[in-house]
There are 2 protein chains.
Amino acid sequence: MRLKKISGAVVRRLPIYLRVLDELARDGAKELVSSQELGERAGVSPALVRKDLAWFGEFGKQGVGYDVEHLRTELRRILHLDRDVPVALVGVGSLGAALVRYFRRRYVADPGFHLNIVVLFDADPAKQGETIEGVPVEPPERIPERVKELGIRMAIVTVPAEAAQSVVDTLVASGVRLLFNFAPVKLAVPKDVHIVHADLSLELQRLAYYLED
Amino acid sequence: MRLKKISGAVVRRLPIYLRVLDELARDGAKELVSSQELGERAGVSPALVRKDLAWFGEFGKQGVGYDVEHLRTELRRILHLDRDVPVALVGVGSLGAALVRYFRRRYVADPGFHLNIVVLFDADPAKQGETIEGVPVEPPERIPERVKELGIRMAIVTVPAEAAQSVVDTLVASGVRLLFNFAPVKLAVPKDVHIVHADLSLELQRLAYYLED
DNA sequence: TAGATTGTTAATCGATTAACAATC
DNA sequence: TAGATTGTTAATCGATTAACAATC
């Protein structure tokens, strides 16, 4: 039940807070954390930490701080990371394959990481039937069928730029609503579909701006 | 000569404009582009396009628009993408190797893409001496020496989280000022060092927020 | 109780949009 | 010239910070 629309800037910080809480829980030194310390570790001001969390409820105790375990549980719930989320990846080139390894290993090693790549798609027949980290590669024609079977609502797109829009259309038509796109193109999607762009070339180019002359 | 400090939000949009101009130049249909069309293709309002560009000079003609080739040249210059920029990559795991392939192929295929990965470093002796896309892998001990020899001011960091801070310290001490970091940690660096974080797990986790309940 | 820290409101800051005179 | 579009200023919007009463 979300009363107000939470801004993207706030949502972007939630996983950072969660990561800090995971570290605090792992080190186990303290059961409580203040907005001061949480902010310091997350790279955010204490006031903003309190304001961000207050959108979702009253998780702290005045004069005391936040209970690490409790806040962790709440943040996991808010982020829907309290249960497994099946994810598809389309485009098993070197970047796609690297991401499968990266996320699958994380999933296996970390019981708190509920994002699970369960199926891969690639148009290259030579790759179909292969597995990467135990996950099978299937032909793109099977996207609608498999997405429905597996209840997939999130997908990673690592196909070449020319193929991206058509792959995304198929994914969206099949019911996928959350996309993590690595193709260097602007994608057209319905308003209820969320896209995060990881445009690595743009990021590297933007760094070049800061080269001193 | 930069009179005002340009905000990060503006800098982030410059490579997007450049990409749109590259597309327009490739298609070759028009020599002129309006802030209206440039904005539409870049996903930005026309007013913001004009305001962003105006920070750097007067590139347009009233009543006419912007000359595609001229604006392209100017943006390349502003972004320091008018000449080759040598880049190092540290951490040749599957993600690092995938990025080398991705960026090297782009560099070879696209004469306008001046970001060139010229040296790789990895602590694994089994990888040292290997090459990826023709680029040699060397031991991290050689970072200071090679960075100086090659005049490197930009590096991509794809080492495990535990190793990231120490690698970054070495890079910075060797003269690197621009970092593209894929390790899921906050890094401490001097004020004159610029970091772009590509924290892929955080991005995927933030998408999960939008899973409907 | 006294000290600490939250949750929240008001003030500030910065970025985007609207509007329009200048001018091609 | 008339129409179009820039460059720029003022208005608006949204996000962050400062401040503090509430309260543990």
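How much space lies in the second largest pocket? About 1100 Å³. This is a predicted model, in which local features need pLDDT of at least 70, side-chain atom pairs count only at pLDDT 80 or more, and totals for chains, interfaces and linings use all residues. Residues are numbered from 1 along each chain as its sequence is written, chains are lettered from A in written order, and side-chain values use heavy atoms, without hydrogens and water.

**View 1. The second largest pocket.** A pocket is an open set of points on a 1 Å grid over the protein atoms alone, with protein on both sides within 12 Å along at least five of seven lines. Its volume is the space filled by probe spheres set on the points, which are joined across faces, edges and corners. The pocket is lined by 44 residues, each with an atom within 4 Å of a point. Nearest its centre lie Tyr102(A), Pro160(B), Ala161(B), Glu162(B) and Pro184(B). The lining divides into 23 nonpolar, ten polar and eleven charged residues. Here Ala, Val, Leu, Ile, Met, Phe, Trp, Tyr, Cys and Pro count as nonpolar, Asp, Glu, Lys and Arg as charged, and the others, Gly among them, as polar.

**View 2. The largest cavity.** A cavity is a set of grid points where a 1.4 Å probe fits but cannot get out. The whole structure has one cavity of 30 Å³ or more. About 30 Å³ of space lies in the largest cavity. Its lining is Gln205(A), Leu18(B), Asp22(B), Arg76(B), Leu81(B) and Gly112(B). Two of these residues are nonpolar, two polar and two charged.

**View 3. Two helices of chain B.** Helices are DSSP runs (H or I, at least four residues), numbered from the N terminus. Helix 1 (residues 8-27) and helix 3 (residues 46-54) of chain B pack at about 105°, with axes 10 Å apart. Axes are lines fitted to C-alpha atoms over the stretch in contact, and angles run from 0 to 180 degrees between N-to-C directions. The two helices of chain B are therefore roughly perpendicular (65 to 115 degrees). Helix 1 of chain B contributes Val10(B), Arg13(B) and Tyr17(B) to the contact (heavy atoms within 4.5 Å).

How values were computed: Parallel < 35°, antiparallel > 145°, perpendicular 65-115°, else oblique.
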